[in-house]
Amino acid sequence: MNIPCILIPVLVGLICGILGYLLGKLNSKNDDSLALALQSDLDLCKDNTKRLNTKIASLEAELEAKANTSAPQSFKANVPPSILFDAELAKLVYGKKIGNNDLKIVEGIGPKIEALFNAAGINTWKELSDASIEKLQAILDAGGENYAIHNPSTWAKQGLLAYEGRWQELKDWQAGMTGGKE
């Protein structure tokens with residue numbers, strides 16, 4: 001066996017290891033200046049977040065105050081209160097978990113049609129219920145012939161029932177449908 005062929009790489013490795021260790025010791029600082037700098041940056045970010053949240057809250061309050069003073073009384077009386085989504089009731093009626101504003105709960109709407117509607121700005125049951133049949137059909141037509149064959153004539157009504165939380169009525173109505181048609 002050739003001893004220099006083994007000895008030279010071992011010596012070079014040992015020398016490199018020692019040099020690396022010494023250089024690392026020389027370049028490292030014994031204090032925690034990096035950790036302190038990062039902590040101060042984090043504290044600044046937290047302070048900035050608090051300041052921005054306070055500003056957002058004040059702007060929202062100002063906007064609400066303007067809306068309350070600028071809207072005529074007749075308009076204010078006609079604004080319906082917000083309807084809260086009751087996931088437990090929906091699960092009880094349908095026997096499965098239903099997400100808030102899940103358009104797929106509407107008979108005839110699947111994941112692909114939901115994606116089409118989302119891209120067109122219809123993301124909630126309320127927006128679906130407010131949309132005209134012509135608008136819904138135009139969105140389907142724009143999606144191509146695979147979507148144009150669908151009939152959205154009942155989708156707005158189903159969206160309204162879902163928005164209002166009338167789950168049993170919606171389920172009973174859907175039981176008599178085929179593909180979203182009566």
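Predicted model: local features only at pLDDT ≥ 70, side-chain atom pairs only at ≥ 80, totals over all residues.
Let me begin with the aromatic rings. A pair of aromatic rings is described by the distance of the centres and the angle of the planes. There are five aromatic pairs in the structure, and one of them joins Phe85 to Trp125, with 5.5 Å from centre to centre and 55 degrees between the planes, a geometry that counts as tilted. Phe85 sits in the loop between helix 3 and helix 4, whereas Trp125 belongs to helix 6, so this pair ties together parts of the chain that are 40 residues apart in sequence.

Another pair brings together Tyr94 and Trp167, and here the planes stand at 85 degrees with the centres 6.2 Å apart, so the arrangement is edge-to-face. Since Tyr94 lies in helix 4 and Trp167 in helix 10, the pair ties together parts that are 73 residues apart in sequence.

Trp167 leads us on to the nonpolar core. The largest such core has 23 residues, and Trp167 is among those with the most contacts inside it, together with Ile105, Ile109, Phe117, Ile122, Leu128 and Trp155. At least two residues of this core come from each of helix 4, helix 5, helix 6, helix 7, helix 9 and helix 10. If we look at Ile109 and leave aside residues up to four places away in sequence, Ile109 touches Leu103, Lys104, Glu114, Phe117, Leu128 and Trp155.

Two of those contacts, Lys104 and Glu114, also form a salt bridge with each other, the closest N and O atoms being 2.9 Å apart. Lys104 is in the loop between helix 4 and helix 5, and Glu114 is in helix 5, ten residues apart. Glu114 is buried, with a relative accessible area of 12%, whereas Lys104 is partly exposed at 36% relative accessibility. Lys104 forms a salt bridge with Asp102 as well, at 3.0 Å between the closest N and O atoms.

Elsewhere, Arg166 and Glu164 form a salt bridge with their closest N and O atoms 2.4 Å apart, and Arg166 is partly exposed at 31% relative accessibility, as is Glu164 at 32%. Salt bridges that share partners join Asp102, Lys104 and Glu114 into one network.

Notes: Residues numbered from 1 in each chain as written. Heavy atoms only, no water. Phe/Tyr/Trp six-rings, centres within 6.5 Å; stacked < 30°, edge-to-face > 60°. Helix = DSSP H or I, 4+ residues; strand = E, 2+ residues; numbered from the N terminus. Core = buried A, V, L, I, M, F, W, Y, C linked by side-chain atoms within 4.5 Å. Buried < 20%, exposed > 50% of the residue type's maximum accessible area, 1.4 Å probe, protein only. Contact = heavy atoms within 4.5 Å. Salt bridge = Lys/Arg side-chain N within 4 Å of Asp/Glu carboxyl O.
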